[in-house]
Amino acid sequence: MRMFQQIAKAATMGAIAVLLTAPVAAGEQGGRYWVPKTMSPGPYWRPSAANPVQYSEPTSAALYSGPTMTTPAPYSGSIKTNRARHGRWLVRNSTKRFATTQVRKRSPLAAMARAVPVSKTHSLILQVNTNDPAAMNLTLNNATNVTQHYKELGEKVKIEVVTFGPGLHMLRDDTSPVKARIEQMALSTPEVSFKACGNTQEKMHQAEHKDIPIVSQAQVVESGVVRVMELQEKGWTYVKP
């Protein structure tokens, strides 16, 4: 019985040896044998006529040595040093961004602070076309009050008193009831000027058959009405007391 078991065991081992050596012998006879690649061509790759399985000659006695594992080189830098440099970079760039933001925020305010406010010059026309001393004095009062108002505000003002028709008597050197006031205002209030209508002066000359003298503080214009119209077209404010 024991001899029979030894014979069966020897036969089994012989069969295993034959099975193991058969592929090797077949490979040696054909001259090529399959070597698995270390990198897979992809999950969807399948061998075909266009992509046959590639064979290569063995380069060593080993049938397959498996993929080679490469150990990365040790890190030679300093973590603390890099962190310190990165921290300084963040601080430097954060400071620049903050400064730029502050400049942008301050720019409109700085521009407003640097801008010098332009004072507008106020312009007023006062018309006189009646030979009424009360109306003439009211006109001079209005001119004085407006001038004083803008002087207190520190703003500029120009006032022009335009006379025509019967109102020319206000500026006539021989008939003006406010001649003294006009002389005084010319010295104290240079913002106020006086214009006499040339057409009215000519008509009075024809009617009275003599020269019509005008006070030295006034200037003769061709037409009082045209003068008022032209000043209004330039944006002057028109008032008739």
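Modeller: In the largest nonpolar core, Met170, Leu171 and Phe194 touch the most other members out of 24 residues. This is a predicted model, where local features need pLDDT of at least 70, side-chain atom pairs count only at pLDDT 80 or more, and totals for chains, interfaces and linings use all residues. Numbering starts from 1 along each chain as its sequence is written, and side-chain values use heavy atoms, with hydrogens and water left out.

Biologist: What makes a set of residues a nonpolar core?

Modeller: Its members are buried Ala, Val, Leu, Ile, Met, Phe, Trp, Tyr and Cys residues joined through side-chain atoms within 4.5 Å. Buried means under 20% relative accessible area and exposed over 50%, with partly exposed in between (1.4 Å probe, protein chains only).

Biologist: Which residues of helix 3 are buried?

Modeller: Ala135, Met136, Thr139, Leu140, Ala143, Thr147 and Tyr150. Helices are DSSP runs (H or I, at least four residues) and strands too (E, at least two), numbered from the N terminus.

Biologist: How do you know that they line one face?

Modeller: Down the axis of helix 3, the buried residues fall within an arc of 140 degrees, so they line one face. That arc is taken from the directions from the helix axis to the C-beta atoms. The face turned away carries exposed Ala134, Asn145 and Glu152.
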